[in-house]
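Me: Please take a close look at one part of this model, a strand and its partners, and then follow the aromatic pairs. Keep it plain and define the terms.

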Amino acid sequence: MKKLPIYLLGLFSLFNIQLNAQDLIAKINHSLTDSIPNKNNPKHDTIRHSLFKNASLIGNYLSFGLGTGSSRGNTSGALFFNYSLAIKSHLVSFSYGYVPGFTASYHRNYYSANYAGLLFGESLRLKNFFLSLSAGISNSYVASSKVTQNGVLMERFGRKGISFPIEMKFYIHLYNGIGLGYTNTTDIASGIVVNYSNFSIILGVWNKIPRK
């Protein structure tokens, strides 16, 4: 029962982030539209079609990446996997990050972490561009220890349980098929925050396929 307020706070934060993401994406859409000069010109509709109408109703984004995972003053290399399903601007994602760590010894510090989460958010989807903000719930694990050169244990930390990730994704891609992306995830749990960032290769289908 002691953990209940933390979970309620997390759920409230997810709801608030979702509303903020919807508002942000709407503002960006309006900003892009308003920035097109001479709206009375027939070319305006053509430009707007090029910006917003090439994205298909449903988009599939699969990414694999390398980057870093950081928490409690520890930073190490990390592996990432993400699958996102977009329906219009709405987004559902499965995200996984893993800091392998290394075999602990009496003369080496140790740090390892992972999370697997389900996230919901909003996205801005253009022909060759993708931007999203999501939040959700995940199962996570963090373990670390620090030792002196003489093998004296200075600190040991371990946590496993529910956490609340917030994720921002930015992709630049070809019309369909492949692209490059950057993802930043902040995984928030009781007593600890883990930040993951990675550059990834994007595979999938996200734009309308022209009819022959």
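Reply: Strands here are DSSP runs of E with at least two residues, and helices are runs of H or I with at least four, both numbered from the N terminus. The model is predicted, so local features need pLDDT of at least 70 and side-chain atom pairs count only at pLDDT 80 or more, whereas totals for chains, interfaces and linings use all residues. Residues are numbered from 1 along each chain as its sequence is written, and side-chain values use heavy atoms, with hydrogens and water left out.

Two strands pair if DSSP finds at least two bridges between them. S3 is joined to strand S2 (residues 74-87) by nine bridges, and the two run antiparallel. In this pairing Ala86 stands opposite Leu91 in S3. S2 and S3 form a hairpin with two residues between them, and Lys88 in the turn has a positive phi of about 55 degrees. S3 also runs antiparallel to strand S4 (residues 110-125), with 10 bridges joining them. There, Val92 stands opposite Phe120 in S4.

Now the aromatic pairs. Rings of Phe, Tyr and Trp (its six-membered ring) pair if their centres lie within 6.5 Å; planes under 30 degrees apart count as stacked, over 60 as edge-to-face and the rest as tilted. By this rule there are 11 aromatic pairs. One of them is tilted, because the rings of Tyr61 and Phe130 have their planes at 40 degrees, with centres 4.5 Å apart. Tyr61 lies in strand S1 (residues 55-71) and Phe130 in strand S5 (residues 129-147), so this pair ties together parts that are 69 residues apart in sequence.

Buried means under 20% relative accessible area, exposed over 50% and partly exposed in between (1.4 Å probe, protein chains only). Tyr61 is buried, at a relative accessible area of 1%, and Phe130 is buried too, at 0%. Phe130 also forms a stacked pair with Tyr171, 5.0 Å centre to centre and with 20 degrees between the planes. Because Phe130 is in S5 and Tyr171 in strand S6 (residues 153-173), that pair ties together parts 41 residues apart in sequence. Tyr171 counts as buried, with 0% relative accessibility. Ring pairs link Tyr61, Phe130, Tyr171 and Trp206 into a cluster.
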